[in-house]
Amino acid sequence: MSKQNREQKKQKVIEVLNKARSMELQAIHQYMNQHYSLDDKDYGEFATKIRTIAIDEMRHAETFAERVKELDGEPTTELAGGVEKNQDVEKIFPFDSEQEEEAIETYNEFAQICRENNDTISAKLFETIIEEEQQHQNYFDDIDDHIKNLGNTYLARMVGTAEGEGGEE
Ligand SMILES: [Fe+2]
Ligand SMILES: [Fe+2]
């Protein structure tokens, strides 16, 4: 393979790594905003869990940046989209589940693009992160189910719950 060809392949991988990093940066801001708003409404347990997830996304953004730098690229600072504010508590969980779903689908495509461009290391990075996004989605779906099935009874029980350290579940 010519040097020029290798360079083109590397640029394609850098492009998807940076697109993924933009998605993570947007998710970080979205989840932090939800964390503060849930905290204001005194949903301590939800707030803490979403804070923990935001920190996972920070780690993902950092992982993508490190790989971009290994490939001699420049890590992006752009957010993939805007941040929704003042969401009702009932809206937050299906919204976030959708956001994780999009990440999972997109990262699967990106892993494929990495492989097509002979970069197994980046493809594996995507696969590892997909597993974590899947765990985030499961959490958001579980809470959404509880709210849909039990409604205000469940929500009333979650008001005044303690803000914990947000350790791994
Ligand atoms: Fe992530
Ligand atoms: Fe996630």
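Reader: What does arginine 115 count as, going by its relative accessibility?
Author: At 38% relative accessibility, arginine 115 counts as partly exposed. Buried means under 20% relative accessible area, exposed means over 50%, and partly exposed is in between, using a 1.4 Å probe and protein chains only. Before going on, note that this is a predicted model, in which local features need pLDDT of at least 70 and side-chain atom pairs count only at pLDDT 80 or more, while totals for chains, interfaces and linings use all residues. Residues are numbered from 1 along each chain as its sequence is written, chains are lettered from A and ligands numbered from 1 in the order in which they are written, and side-chain values use heavy atoms, with hydrogens and water left out.

Reader: Okay, and which side chain does arginine 115 meet in a salt bridge?
Author: Arginine 115 meets glutamate 127, at 2.1 Å from N to O; a salt bridge is a side-chain nitrogen of Lys or Arg within 4 Å of a carboxyl oxygen of Asp or Glu. The pair links distant parts of the chain, with glutamate 127 in helix α4 and arginine 115 in helix α3, 12 residues apart. Helices (H or I, at least four residues) and strands (E, at least two) are DSSP runs, numbered from the N terminus.

Reader: How many salt bridges are there in the whole structure?
Author: A search of the whole structure finds nine. Among them, lysine 10 pairs with glutamate 7, where the closest N and O atoms are 3.9 Å apart, and lysine 10 also pairs with aspartate 72, at 3.4 Å.

Reader: Why are lysine 10 and glutamate 7 about one helical turn apart?
Author: Because the two residues are three places apart in helix α1, about one helical turn separates them.

Reader: Switching topic, what holds the iron ion (ligand 1)?
Author: The iron ion (ligand 1) is coordinated by Glu24 (OE), Glu24 (OE), Glu57 (OE), His60 (ND1) and Glu133 (OE), at 2.0 to 2.3 Å. Donors here are N, O and S atoms within 2.8 Å of the metal (3.2 Å for Na, K and Ca), and water is not among the atoms, so sites may look incomplete. Glutamate 24 lies in helix α1 and histidine 60 in helix α2 (residues 44-70), so this pair ties together parts that are 36 residues apart in sequence. Glutamate 24 is buried, with a relative accessible area of 1%, and histidine 60 is buried with a relative accessible area of 1%.

Reader: How far is that ion from the iron ion (ligand 2), and which residue coordinates both?
Author: The two ions are 3.9 Å apart, and glutamate 57 coordinates both. Glutamate 133 and histidine 136 are both in helix α4 (residues 120-150), three residues apart, and both are buried.

Reader: And what is the secondary structure of the chain overall?
Author: The chain comes to five helices and zero strands, and its C-alpha atoms fill a box of roughly 65 × 25 × 25 Å, taken along the principal axes. Of the 169 residues in the chain, buried residues make up 46%.
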